[in-house]
Amino acid sequence: MSTLQMPPVNEPDRQYYFIDKARTYVRQLGEALGRTPRACITTFGCQMNSKDSEKLLGVLEEIGYEESSEEMADLVIFNTCTVRENANTRVYGRLGRLKPVKKKNPHMMIGLCGCMMQEELVVNKLKDSYRFVDLIFGTHNVYKLAELLVMRFESKGMIIDIWEDTDKIVEDLPTERKYPFKSGVNIMFGCNNFCTYCIVPYVRGRERSRRPEAILSEIKRLASEGVVEIMLLGQNVNSYGRGLPEEITFAKLLEQIAAIPGIQRIRFMTSHPKDLSDELIEVMAREEKICNHLHLPVQAGSSRVLKKMNRIYTKEGYLTLVKKLREKIPDISLTTDIIVGFPGETEEDFLETLAVVKEVRYDSAFTFLYSKRSNTPAATMTDQVPEDIAKERFDRLLKEVQEIAHERTQRFTGQVLDVLVEEVNQHDPQYLTGRLSNNLLVHFPGSEDLIGQIVPVKLSECKGFYYLGEKLEQGE
Ligand code: 5AD
Ligand code: SF4
């Protein structure tokens, strides 16, 4: 091979080289099939994974695949989650169902990526019992899809490429956006917090922040393409900037983003309570574009359990923070994550969680049964809570959370609020579906051309978790 044909060493040039090369293979596949090859990415888990899937789809479209349903696809990719055990079980189930499909269509390729692939046990199981999988990669090398596909096209065996960790952030690769008017933007990757129940730091690696120029120029480009709402993504956005050469905090980054013309709504997730600064609260209160919503995972209401979880705050500290937030941003919507049945949780501990829920009155809460994750400190704690007890507590918590959420949601009845129109309603095509600044869903009659616009809607009827409304006409 002449040196001219060697792939470049540096990114993103190297990937553009493989994108070119992969295009040839996909074209050949298309000729053999007599049609454009089709691909489907199924995403499990959080917004971080959804964002990665957009990057994967961007590359696939660039090399000549057309997006399709899973049944029609020549390439199926599962972007997996492993935050709780049932996420893993679902992936094995889906894979099992694909086996006969692939047997009938031998040209078909199956790829697995995402958090679950960062677990050694999983990869060993796949190597032993799921030999029909073509491609396995992890969370750190998503950007390498074209290169890995080329490797697969050029060999016959299973391609496995898992990295334990990385300090690399590759910029400027193609990406596909699910919505033309809103987009997630990664501001940091990984997590350094090591909450004792959580597998994320092991599968997503150490925390690293993207350079502010890269973030700002991406958002400026998105705004020029018509994006009006952005969601800043990171496991703990409040610690943004640590380790960067420039002096920057998350609050300062938000201010710079808010100054970008065209961007009208800014969301972010997730905020760790231990790092939520006064500076950030001030910016949230001052900046109109920052949405009136904060997701602030509490995880548990007992300081004893919080300590065992390594959350670094106490119940009192959390409640003080909520009070401060409500003082500075009176109508803010607060949402949270709560784990029930963490090892050693007693009935008294659980009652403290219920009490916190009653005191804070969340607009909504994601409730989870504690799930043992391999290699996490909590997995080997000897005082695991029996399943039936955890389940019973979970049901009580869910009931409380839902009752409060219903009551809270109603408080906007009769008001006129801005809605970002997202799509035609999935059940009734006469209706549109959009979101308020606080993330609540609103359905109202209207035509498709409003999609992507922010319009005033009268919230006529609260239906529990969402509203039915009517769009105000100009001058009303
Ligand atoms: N069991 C149950 N819930 C968990 N979460 C993270 N790890 C676990 C676990 N092992 C929940 C936390 C986190 C959310 C994304 O998932 O509440 O905030
Ligand atoms: Fe997991 Fe805690 Fe990191 Fe969130 S902050 S990803 S719960 S370790």
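This is a predicted model: local features need pLDDT of at least 70, side-chain atom pairs count only at pLDDT 80 or more; totals for chains, interfaces and linings use all residues.

Trainee: Okay, which residues surround ligand 1?

Mentor: The shell is made up of Val 83, Arg 84, Tyr 197, Gln 299, Asp 337, Ile 339, Phe 368, Leu 369, Tyr 370, Ser 371 and Arg 373. Sorted by class, that gives 6 nonpolar, 2 polar and 3 charged residues.

Trainee: And which side chains have a polar atom 2.6 Å from an oxygen atom of the ligand?

Mentor: Gln 299 puts a polar side-chain atom 2.6 Å from an oxygen of ligand 1. Asp 337 also has a polar side-chain atom 2.6 Å from a ligand oxygen.

Trainee: How much of ligand 1 does the protein cover?

Mentor: On its own the ligand has 410 Å² of accessible area, and the protein covers 85% of that. Strand 13 (333-340) and strand 14 (364-369) are the elements that give two or more residues to the shell.

Trainee: What about the ligand's nitrogen side, which residue has a backbone atom 3.0 Å from a nitrogen there?

Mentor: That's Tyr 197, through a polar backbone atom.

Trainee: Switching to rings: how many aromatic pairs are there?

Mentor: The count is 12. One of them is Tyr 313 with Tyr 318, a tilted pair with centres 5.9 Å apart and 35 degrees between the planes.

Trainee: Is Tyr 318 buried or exposed?

Mentor: Tyr 318 counts as buried because its relative accessibility is 2%, under the 20% cut-off. Tyr 313 is buried too, at 9%.

Trainee: Why is the Phe 342 and Tyr 370 pair called edge-to-face?

Mentor: The planes sit at 75 degrees, with the ring centres 5.7 Å apart, so the pair is edge-to-face; the cut-off for that is over 60 degrees.

Trainee: Where do those two sit in the chain?

Mentor: Phe 342 is in the loop between strand 13 and helix 12 (347-360), while Tyr 370 is in the loop between strand 14 and helix 13 (387-409). The pair therefore ties together parts 28 residues apart in sequence. Phe 342 is buried, at 0% relative accessibility, and Tyr 370 is buried at 15%. Tyr 370 is also one of the residues around ligand 1.

Trainee: Last one: which ring does the charged end of Lys 125 sit over?

Mentor: The ring of Tyr 92, with the charged end 3.9 Å from the ring centre. Tyr 92 also forms an aromatic cluster with Tyr 130 and Phe 132. Elsewhere, the charged end of Lys 182 sits over the ring of Tyr 179, 4.8 Å from its centre.

Notes
Residues are numbered from 1 along each chain as its sequence is written. Chains are lettered from A and ligands numbered from 1 in the order in which they are written. Side-chain values use heavy atoms; hydrogens and water are left out. A residue is near a molecule or strand if one of its heavy atoms lies within 4 Å of it. A polar contact is a pair of N or O atoms within 3.5 Å; within protein, one must be able to donate a hydrogen and the other to accept it, and residues adjacent in sequence count only if both atoms are side-chain atoms. Accessible areas come from the Shrake-Rupley method with a 1.4 Å probe; for residues, only the protein chains shown count as cover. Helices (H or I, at least four residues) and strands (E, at least two) are DSSP runs, numbered from the N terminus. Ala, Val, Leu, Ile, Met, Phe, Trp, Tyr, Cys and Pro count as nonpolar, Asp, Glu, Lys and Arg as charged, and the others, Gly among them, as polar. Rings of Phe, Tyr and Trp (its six-membered ring) pair if their centres lie within 6.5 Å; planes under 30 degrees apart count as stacked, over 60 as edge-to-face and the rest as tilted. Buried means under 20% relative accessible area, exposed over 50%, partly exposed in between (1.4 Å probe, protein chains only). A charge sits over a ring if NZ of Lys or CZ of Arg is within 6 Å of the ring centre and within 35 degrees of the ring normal.
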